[in-house]
Amino acid sequence: MNKWNNFLYGLVLLLLTACGGTSDPAISGNAAVDLSKTFKWKMVTTWPANFPIFQEGAERFAEDVRVMSNGRLDIHVYAGGELVPALQVFDAVSNGVVEMGHGSPYYWAGKVPEAQFFSSVPFGMTAKGMNAWLYNAGGLELWNEIYKPFNLIAMPMGNTGVQMGGWFNKQINSMEDIRGLRMRIPGLGGKVFKKAGGNPVLMAGSEIYTALERGTLDATEWVGPFHDMRLGLNRAAKYYYYPGWHEPGTVFELMINNSKWSLLPKDLQKIVETAAAANSEWIYAQMEYHNQEALKELRTKQNVQIIEFPKEVLSEFKRLAKETLDEEAVANPKFKQVYEAYETFRTSYEGWDELSEESYQAGLRLK
Ligand code: CA
């Protein structure tokens, strides 16, 4: 065949394929999917083995996917340190050493500082606002744009709800009491605490109890009543402060290597997305349930005083939180870009949140 014939032959083939309709996934659905092909994937998490709710949620997700896909997508879940250290989950998924990871975006603040907005920032949005932003107001698209250079895609899979302010071995009556205080408080919260004159300490969860009990630490934040009691923190300090201004609703992420993701048939991708959303809700509901149960138990314990931060202290933390975020934005254009998108939605949502939930809650408490 000469060149012209070659071209015509190609054109005819192209037309035949297009008219046949078999190449269009929107029309053919799953007709072309090879149902005998199975995918064996690995997921690494940042949580300790058997860590309640968090690690459970990751394992529950894998089981849901296995059942819904009839075993075609089989995900083996490894806790932090079992296959890779907890803080190397991002790199392991990014490099394709494993296909999936479960953690929270602020763990990667050293590498991707702007990722912190997809977790939680001091005086930021609670779970409701985060869900509205991520799913409906461009938050998720922005998150994926930020992760794209790392060959990663992400989606929410869990929320802690509003955390507690932390355990203190002395009462906090004014900003004076923060000065020199050695507190385990990571991330942006730690930066705010430092501006307030405190001394933030970096420490892994496993070391907190002993440090607080021995007085190496004066205070610590962890999660909420349920996880804090599990760690025994109520036996190591007397004053339990609220609210958790530094983590008002920490989002967990399901991260997936993008090259591996693109190899999955559409139906399996949909199953992953659906199972992630379902377990996002499951984790959040578990947190709310177990925290209220644990709070009831804490209230009966003689040695624990549950106290609200003084207004003066909260308002100063809030001022310093804005200062911290503004300074980070000046130093980093990507941080600024995400900060602006986050703030645009947060201020837009504020009006409705105040008028609906806040007003209702205030009414509910009227005598
Ligand atoms: Ca925390």
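Tutor: The model is predicted: local features need pLDDT of at least 70 and side-chain atom pairs pLDDT 80 or more, while totals for chains, interfaces and linings use all residues. Numbering starts from 1 along each chain as its sequence is written, and side-chain values use heavy atoms, with hydrogens and water left out.

Glu221 counts as buried because its relative accessible area is 2%; buried means under 20%, exposed over 50% and partly exposed in between (1.4 Å probe, protein chains only).

Next come the open spaces. The largest pocket has a volume of about 1,700 Å³. A pocket is an open set of points on a 1 Å grid over the protein atoms alone, with protein on both sides within 12 Å along at least five of seven lines; lining residues have an atom within 4 Å of a point. Volume is the space filled by probe spheres set on the points, which are joined across faces, edges and corners.

This pocket has 44 lining residues, and Gly124, Thr126, Val162, Pro248 and Glu358 lie nearest its centre. Helices H5 (127-136), H11 (266-299), H12 (311-331) and H13 (333-364) each supply at least two residues of the lining; helices (H or I, at least four residues) and strands (E, at least two) are DSSP runs numbered from the N terminus. H13 gives the most, twelve residues.

The second largest pocket holds about 1,200 Å³ of space. Its lining has 41 residues, with Leu87, Tyr106, Tyr107, Arg184 and Pro186 closest to the centre. Helix H7 (187-195), strand E7 (199-201) and helix H8 (205-214) each give two or more residues to this lining, and H7 has the largest share, five residues.

H11, one of the helices along the largest pocket, also holds Glu273. At 34% relative accessibility, Glu273 is partly exposed. Beyond its neighbours within four places in sequence, Glu273 is in contact (heavy atoms within 4.5 Å) with Met155 and Trp261. Pro105 is 168 residues from Glu273 in sequence and 18 Å away in space, C-alpha to C-alpha.

Pro105 returns in the packing around Tyr147: leaving aside neighbours within four places, Tyr147 is in contact with Phe90, Pro105, Trp108, Ala115, Leu152, Ala154 and Glu253. Tyr147 belongs to the largest nonpolar core, which has 36 residues, and is listed with Phe117, Phe118, Trp133 and Trp143 as touching the most other members. Such a core is a set of buried Ala, Val, Leu, Ile, Met, Phe, Trp, Tyr and Cys residues joined through side-chain atoms within 4.5 Å. Elements giving two or more residues to this core include helix H4 (89-94), helix H6 (139-147), strand E4 (152-159) and strand E10 (251-257). H13 gives the most, six residues, and H13 also leads in the lining of the largest pocket. Apart from this core lies another, of 26 residues, among them Phe51, Ile53, Trp167 and Met287.

Conventions. 1 Å grid on protein atoms, 1.4 Å probe; cavity = no way out; pocket = protein on both sides within 12 Å on 5 of 7 lines; lining within 4 Å.
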